[in-house]
Amino acid sequence: MTPAQSAQSAPKEPTSLYGGSRNRRVTVRDLAAAKRRGEKWPMLTAYDAMTASVFDESGIPVLLVGDSMGNCHLGYETTVPVTMDEVAMLSAAVVRGTERALVVGDLPFGSYQEGPAQALRHATRLVKEAGVGAVKLEGGERSLPQTELLVSAGIPVMSHLGLTPQSVNAMGYRVQGRSEEDAHTLLRDAKAAQDAGAFAVVLELVPAQLAAEVTRSLHIPTVGIGAGPDTDAQVLVWTDMAGLTPGRMPRFAKQYARMRETLGDAAAAFAEDVAGGSFPQAEHTFS
Ligand code: KIV
């Protein structure tokens, strides 16, 4: 076999974001370089150390400890009640469970809206206490002073535009940027976030054509969720991706496994074994 053939048959890294950097975490500079190379990358949410370690071992380069933990992990109806203590605790767990991924901690509702000083206090807590490599905050123009201060303090900021779930009470859950005026505002906000120093912009529930235009207009990566195929990266909430979330899937989410069914079947089989006396057996028992 020639070296070229053996290289072809070698297991493929999911993305060259990993090339030569096996023993260090992915950084925001790696993501900037990926954009320059035209390389797409995946991001998943994570809320605990064990699940995060699985994603880290699978080569997911960026893990977001999203405030979607509210609906997907903590049993709230929305992201609004999520607190700083909850984000800090789960972010620390995700950092402990991973070696390679850049971990991004989400600033929850009420932790940065008062102004830049409040944002800096809470972002600093996530960096120092939890060990995250970056933070995310929602909003365009209204969050620019926060972004500028955090970036000037050395904290990488991921911006979040389009549908911003922390404003669900004001905007509802619907596609954003459909009118010409809204599309113009979104494009302006994305450029302003970039100018304020953000290293990436999440675009949630945005028409594909607009997301493509934003992606072409920025030199920082865009991360789409319900924003079509042309963003630089794609993010999914892990429980949607793995088929653990109950009920109807959002149209933009693809299920790659059926974890709800698998876990349910496993729990039911365990219950049956216990009730029938077939667990534990000799091999599970100490003499
Ligand atoms: O909290 C979250 O999971 C998010 C993603 C959907 C981008 O903000």
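In the predicted model, a polar side-chain atom of K136 lies 3.0 Å from an oxygen atom of the ligand, a polar contact being a pair of N or O atoms within 3.5 Å, where within protein one atom must be able to donate a hydrogen and the other to accept it, and residues adjacent in sequence count only if both atoms are side-chain atoms. Taken alone, the ligand exposes 260 Å², of which the protein buries 96%; accessible areas come from the Shrake-Rupley method with a 1.4 Å probe, and for residues only the protein chains shown count as cover. The surroundings of the ligand consist of T45, L64, G66, D67, S68, D106, K136, H160, V202 and I225, a residue being near a molecule or strand if one of its heavy atoms lies within 4 Å of it. The ligand sits in the largest pocket. A pocket is defined on a 1 Å grid over the protein atoms alone as an open set of points where a 1.4 Å probe fits, with protein on both sides within 12 Å along at least five of seven lines, whereas from a cavity the probe cannot get out, and lining residues have an atom within 4 Å of a point; a molecule sits in either if more than half of its atoms lie within 2 Å of its grid points.

Residues are numbered from 1 along each chain as its sequence is written. In this predicted model, local features need pLDDT of at least 70 and side-chain atom pairs count only at pLDDT 80 or more, while totals for chains, interfaces and linings use all residues, and side-chain values use heavy atoms, with hydrogens and water left out.

S68 is placed in the loop between β2 (62–65) and α4 (69–72), helices (H or I, at least four residues) and strands (E, at least two) being DSSP runs numbered from the N terminus. With a relative accessibility of 14%, S68 counts as buried, a term that means under 20% relative accessible area, as against over 50% for exposed and values in between for partly exposed (1.4 Å probe, protein chains only). The side chain of S68 makes a polar contact of 2.7 Å with the side chain of Y47. Apart from its neighbours within four places in sequence, S68 is in contact (heavy atoms within 4.5 Å) with T45, Y47, H73, T79 and V237.

Helix α3 (residues 49–57) has T51, A52, S53, F55 and D56 as its buried residues, and the elements that cover them include β1 (41–45), β2, α5 (84–96) and α11 (238–241). The N-terminal end of α3 is capped by D48, a side-chain oxygen of which lies 3.1 Å from the backbone nitrogen of M50. After α3 comes G59, with a positive phi near 90°. P61, in the loop between α3 and β2, is buried at a relative accessible area of 0%; the C-alpha atoms of P61 and M43, 18 residues apart along the chain, are separated by 6.7 Å.

The loop between β6 (200–204) and α10 (208–217) contains V206 and also L205. L205 has a phi near 50°, a positive value in a residue other than glycine, and is buried with a relative accessible area of 15%. V206 is likewise buried, at 2%, and touches G162, V175, Q176, L186, A211, G226 and A227 when residues up to four places away in sequence are not counted. The C-alpha atoms of L218 and T78, 140 residues apart along the chain, are separated by 31 Å.

A271, within helix α12 (residues 259–276), is partly exposed with a relative accessible area of 45%. The C-alpha separation between A271 and V206, 65 residues apart along the chain, is 45 Å, and that between A271 and S167, 104 residues apart, is 42 Å. In the segment after α12 lies P280, and a cis peptide bond with omega of about 0° joins F279 and P280.
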